[in-house]
Amino acid sequence: MKIIDISRTSIRSLNANRGRSVLTILGVVIGVFSVVTLVSIGRGMQNYIEDQFNALGSNLLFVAPGKADFGGDPSASQTRNKLEEKHVDLIKNSAGDMFVTVSPYVVAGANVKYKTKTYFANIQGIDSKDQKTYNYELQQGRFFTKAEQNTSAKIAIIGPLVVDELFGTRSPLDSRIKVNDETYLVIGTFKEKGSNFDDGVIVPYTTAKETFDIQYVSSIVAKVKNQEDVELATREIKIALLNDLKEDDFSVLSQTDILSTIQSILQILTIGIGSIAGISLLVGGIGIMNIMLVSVTERTREIGLRKALGATQFDIAYQFLIESVFLSIGGGFIGLILGWLGTFISAQFLRTEIPFWAILLAFGFSVFVGVVFGTYPALKAAKKDPVEALRYE
Amino acid sequence: MSDNSTPFLKADSIVKEYRIDGTEIRALDNVSIEVYKGELMSIVGKSGSGKSTLMHILGLLDTPSSGKVILNGDEVSRLKERYIAKVRNNEIGFVFQSFHLLQRATALENVMLPLMYSSVPKHLWIKMAKEKLDLVGLSDRMDNKSNELSGGQKQRVAIARALVNDPSIILADEPTGNLDSKTGESIFELFTTLNKQGKTIVLVTHDEELSQKTNRQIALKDGKIVQYLNI
């Protein structure tokens, strides 16, 4: 009963200083908003990458040029690339029976033109056997053959985004497109795979090497027969390649290696940006404390009066504490709504996901901030000497 | 007009000392007074005589350096804070020179304020507050905010607030000090009316003329009682 009435008094006094209350909670609003938005973007990014890997299919091992340590300049490993087609044979010869396929992979970005339209696409040179390795499903037409690969035929199977951009609703089959100013015949299209595979143009890797005049291959992709052999296969690939290459010239990565490394980086990043956003919550809390201290001083006489009329220290402390808690809860709530809006807007460009724990954390932390930073002003109010307080001018 | 031979509020050998900038100041020097049920008495003295300090100690807003305050036979000056708050709420009604009303609240809400800290059930609050506003002649102003009231009306609201919990004693500190003489007189008349209805009232004032209108006066000078006067 009494608690409800004191709370009502607190709301009334916040309402009387509406402008000030709104400015005070801005810090908490911004804090909660940024925690929610940034965490959900980070979370969305993690999901996106996970999906990318799933779209690739499992059991894949990648041999990448250079030492993969996720540090330094990634392009450096390509300029010192020593991976060649012969290394594919090297692996096949020494441990061929462990793999479904071992094949080279060549990738390059290039402008693809059809009549007046241009689209910057991912040109992926793969092996004729690799349609299954990468889980490509045909929408129209056919895949290229081993014979076409051997003759470096200028043919392409294009992704749904490329179809949309260059052809719209028309069928692209048997059309001629230009890749790096060389004419290719479109022999097929593949179904949506999700993620950035969809802007791909698949060509025989031999053709890609010719078109882009590349000596080396971007990587070697090996599909292991049995999932449990992935570790053993990794070792076999290393042994095979060390016959021709030095240890620093290549690295063998499994999907799980890459995924877990990227996931852990993103996790740290998400926690990092979340904590930075959390600091603004802390600053918001200090703002609340500051304004509550001002409020306690302004209302010194009121505190004296309430004490004279029978308010206990607890009653006074409660009244002021509940004010700061209301401020921070209000800020937290507005922050959540804005965070949700922010996430909604970013979802138009990025993949996002608001994890429930982020909502609880942001809101819980804002209440915590209200209590922590409200306590000192509340105690200060409660401890005021009634005689001094009544005399205060 | 004491209707009781034993005092119900007693201050016994009160000493109050302050330290200001290293020098000891004795605001009250061995002061003993007794308040009897139903009387209208005054504590009179010039500024600095210690009369306000005495009132604060009687009203349990301040604690004496030594000496005791006895209410209804119990020593109350050394109780724990929350019990003291309870005694203030139940037994004592304060009226201040500068009214001390909450600006944003209506007259009725101001009068209800002590009830918020009492054990009185909420459904009685409005009824009780209205009764007291009626008693001080302000039943038509109860929805006015305090800053819409005149000085005299403000003090009437403050008196209604002091009465709302039916305290044993009203302590009024210079209640006419901020009012013109005509309004001051009407406020004093209100006190005499309340006294006739049985309220015990202690008036603290520097105004000797006003003080002489009460039944009993105690004069303070430099923290000591210099004169008792019974009419």
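Helices here are DSSP runs of H or I, at least four residues long, numbered from the N terminus. With that settled, I opened this predicted model and began with a glutamine in chain A.

**Entry 1: A:Gln149**

I found A:Gln149 in helix α5 of chain A, which covers residues 146-150.

**Entry 2: A:Gly188**

My next stop was A:Gly188, in strand β7 (residues 182-190) of chain A. A:Gly188 is buried, because 20 other C-beta atoms lie within 10 Å. Which residues does A:Gly188 touch, not counting those up to four places away in sequence? I noted A:Leu138, A:Gln140, A:Gly141, A:Arg142, A:Phe143 and A:Ile157. For A:Thr118, 70 residues from A:Gly188 along the chain, I read a C-alpha separation of 19 Å.

**Entry 3: helix α4 of chain A**

I wanted to know which residues of α4(A), residues 85-95, are buried. They are A:His87, A:Val88, A:Leu90 and A:Ile91. Looking down the axis of α4(A), I saw these buried residues fall within an arc of 160°, so they line one face of the helix. On the other side of α4(A), A:Lys86 and A:Asn93 are exposed. What covers the buried residues? I noted that the cover includes β2 (99-114), β9 (219-224) and α8 (230-241) of chain A.

**Entry 4: domains of chain A**

I looked up the domain assignment of chain A. Domain 1 takes in 2-50 + 262-391, and domain 2 takes in 103-217. I have the C-alpha centres of these two domains of chain A at 54 Å apart.

**Entry 5: the sheet in chain B**

I moved to chain B and traced an open sheet of four strands. Their order is β2-β1-β4-β5, and the pairing is antiparallel. Which are the edge strands? They are β2 (23-35) and β5 (74-75) of chain B, each pairing on one side only.

Inside the sheet, I counted five bridges joining β1 (residues 9-20) of chain B to β4 (residues 66-71) of chain B, and these strands run antiparallel. I picked out two facing pairs: B:Asp12 has B:Lys68 in β4(B) as its bridge partner, and B:Ala11 stands opposite B:Val69 in β4(B).

From β4(B) I went on to β5(B): two bridges join these antiparallel strands. Here B:Leu71 stands opposite B:Asp74 in β5(B). The hairpin of β4(B) and β5(B) has two residues between the strands, and B:Asn72 takes a positive phi near 50° there.

Finally, I checked what lies across this sheet. Helix α1 (residues 51-58) of chain B lies across β1, β2 and β4 of chain B, and runs at about 120° to β1(B).

**Entry 6: where the chains touch**

How many residues of chain B are in contact with chain A? I got 20 residues of chain B, against 18 residues of chain A. On the chain B side, α2 (81-91) and α3 (107-116) of chain B are the elements that give two or more residues. α2(B) gives the most, with six residues. By class, I noted nine nonpolar, four polar and seven charged residues on the side of chain B that touches chain A.

Most residues other than glycine have a negative phi, and I kept a note of two exceptions.

A:Lys115 has a positive phi of about 50° although it is not a glycine. I placed A:Lys115 in the loop between β2 and β3 (117-126) of chain A. A:Lys115 is exposed, because 11 other C-beta atoms lie within 10 Å and the cut-off for exposed is 12 or fewer.

B:Asp222 is not a glycine either, and its phi is positive, near 50°. I found B:Asp222 in the loop between β9 (216-221) and β10 (224-230) of chain B. With 14 other C-beta atoms within 10 Å, B:Asp222 is partly exposed.

Technical notes. Residues numbered from 1 in each chain as written. Chains lettered and ligands numbered in written order. Predicted model: local features only at pLDDT ≥ 70, side-chain atom pairs only at ≥ 80, totals over all residues. Domains from an automatic or database assignment. Contact = placed C-beta atoms within 7 Å. Nonpolar A, V, L, I, M, F, W, Y, C, P; charged D, E, K, R; others polar. Pairing = 2+ DSSP bridges. Axes fitted to C-alpha atoms, helices over the stretch in contact; angles between N-to-C directions. Arc of directions from axis to C-beta.
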